[in-house]
Amino acid sequence: MPALLRVNTRWIVFAVIFCVLLFQSFKYQRPYSPAPPLPVHDVSQYWPSRVEDSLCDAKIFVYDIPSHIQVPETVREGRCHESNYNSEIILYKQLMDPSSVMHKLYVTQNPDEATFFFVPFFGSCYLYNCWSQHGWNWEERCDVETKYVDPLMDYVMQEHPYWNASQGRNHLMVHPMDKTFTYYANNDRFQPAIFMTTVGDKRRIWANRHRFQRDIVIPSATRLIHHMEIDISAFLDSHGHPLNGKKRDTFVIFHGCCSDVQPGDLYSNGIRSLIFQHFQHYRDYDIGPGLADEEYALKLARAKYGLAPMGWTLDTTRIWEYIAFGVVPVVISDGIIEPFERDVDWDSFIVRVRRDEAHRLDEILRSIDDTTYEYKRRKLWEHGRTVGLEKDAWHYIVRELCRMNDLNSPINLGLGY
């Protein structure tokens, strides 16, 4: 009997401990039901502000560079149209198109009333075309200084008074390549200008490429969106869902360079080694080499998350394809400055994973519940897409210009959003 009592007592103790642990797990792990959402009162008090609420009434004069100096239009619309550096030409064409909203809102033909001066500098196109003719030798320059940089800057400085009047500080130029302005030996000639670059980098080692308070980080062009001009409505409905009731059944997608990268490599700081050596074998992951065709568009329309790891630089053009197709970007790029961070709530529609946590990627992503994922996807579709070159980039650029020059004369642009 005492032995039986000892056995029963032992089971009773185990049962009590189990019940206590079970109670504690329910008590501390199950969240309470959500409280009522806060009402919307004065939207001007909330961030981010609406796109149409501009900070100043800016006017931009666009220089007309003589054809014997400028990169020929046949090259701009030919070879350079396929380039990921094409943002310089896209932004220029938006300003020059009389039917565009950007032209109507910002461009003036009268330089005396201009707030800013846009210099159509297509150095990236010049060099991209040069490289294509020299076996993609990235060190070749094709006399860019004497044949393009110097003649163009001579024209701006000597044929007009506006550069000298401000020492170039109210002039705008686009430098959309990874090394920005450092491709040009005579870059000191245009250093006073405001640069629009696709590379924003907080790291000290590349401080010479990003000029804080003088550079505006802008979106990149991509072959899929801006060269092929894929019709996204052929793949997704107006809410960003796949057509015909299909689901986003690919958990993670990444198609890009480079499958042979090693953990200790400088390229991507080794991050892409995890993608190709490990994540490639995970269930519901679509990992492979770079694509830019209709097959890739179909894949994007089925994906939930898209990996945006750094490469040689912190930015990657893939993120703009994800955003366009409603794929929640997973940014693995410590120190990156995303475009228009002071006006765009990036964290509402992306997932950030630090390099020292990248090996836990699957665990991190699968811990995101369906409600949080859908919140990010909806924010991405409704707001994130406005950031792209094909959308509202110029509105955000002008906001940054207003801040840089302490211009505070708010105006409603009448966009309706």
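What follows is a working chat about the predicted model shown above.

User: To start, how many helices and strands does the chain have?

Analyst: In this predicted model, the chain has 14 helices and 12 strands, and its C-alpha trace spans about 110 × 55 × 45 Å along the principal axes. Of the 417 residues, 51% count as buried.

User: What's the strand order in the open sheet?

Analyst: The order is β2-β3-β4-β5-β6, five strands with parallel pairing, and the edges are formed by β2 (60-62) and β6 (215-217), each of which pairs on one side only. From one strand to the next, the twist averages 30°.

User: Which helix packs on that sheet?

Analyst: Helix α14, residues 393-404, packs there and touches β2, β3, β4, β5 and β6, while its direction makes about 150° with that of β6.

User: How many bridges join β5 to β6?

Analyst: There are 3 bridges between β5 (residues 194-197) and β6, which run parallel; within that pairing, M196 has I216 in β6 as its bridge partner.

User: Switching to α10, which of its residues are buried?

Analyst: In α10, which covers residues 294-301, the buried ones are Y296, A297, L300 and A301. Seen down the axis of α10, these buried residues fall within an arc of 140°, so they line one face of the helix.

User: What covers them?

Analyst: The cover over the buried residues of α10 includes α8 (223-227), β7 (250-255), β9 (303-309) and α11 (318-324). At the start of α10, moreover, a side-chain oxygen of D293 comes to within 3.2 Å of the backbone nitrogen of E295.

User: What does Y322 touch?

Analyst: Leaving out residues up to four places away in sequence, Y322 touches I253, F254, Y296, L300, G306, L307, A308, V327, P329 and L380. Two of the residues named there, Y296 and L300, are also buried residues of α10. As for R385, that residue is 63 positions from Y322 in sequence, and the C-alpha atoms of the two are 9.6 Å apart in space.

User: Where is E82, and what is it in contact with?

Analyst: E82 sits in the loop between α2 (73-77) and α3 (87-96), and it counts as buried at 18% relative accessibility. Its side chain makes a polar contact of 2.9 Å with the side chain of R79, and, apart from neighbours within four places in sequence, E82 is in contact with Y128, R223 and H227.

User: Which peptide bonds are cis?

Analyst: Among them is the bond from W47 to P48, with omega near 0°, where P48 belongs to the loop between α1 (2-29) and β1 (53-54). The bond from C257 to C258 is also cis, again with omega near 0°, and C258 is found in the loop between β7 and α9 (271-277).

User: What about phi of C142 and D143?

Analyst: Phi of C142 is near 55°, a positive value in a residue other than glycine, and phi of D143 is likewise near 55°. C142 is buried, with a relative accessible area of 16%, whereas D143 counts as partly exposed at 46%.

Key
Residues numbered from 1 in each chain as written. Predicted model: local features only at pLDDT ≥ 70, side-chain atom pairs only at ≥ 80, totals over all residues. Heavy atoms only, no water. Pairing = 2+ DSSP bridges. Helix = DSSP H or I, 4+ residues; strand = E, 2+ residues; numbered from the N terminus. Axes fitted to C-alpha atoms, helices over the stretch in contact; angles between N-to-C directions. Contact = heavy atoms within 4.5 Å. Buried < 20%, exposed > 50% of the residue type's maximum accessible area, 1.4 Å probe, protein only. Arc of directions from axis to C-beta. Polar contact = N/O pair within 3.5 Å; in protein donor to acceptor, adjacent residues only side chain to side chain.
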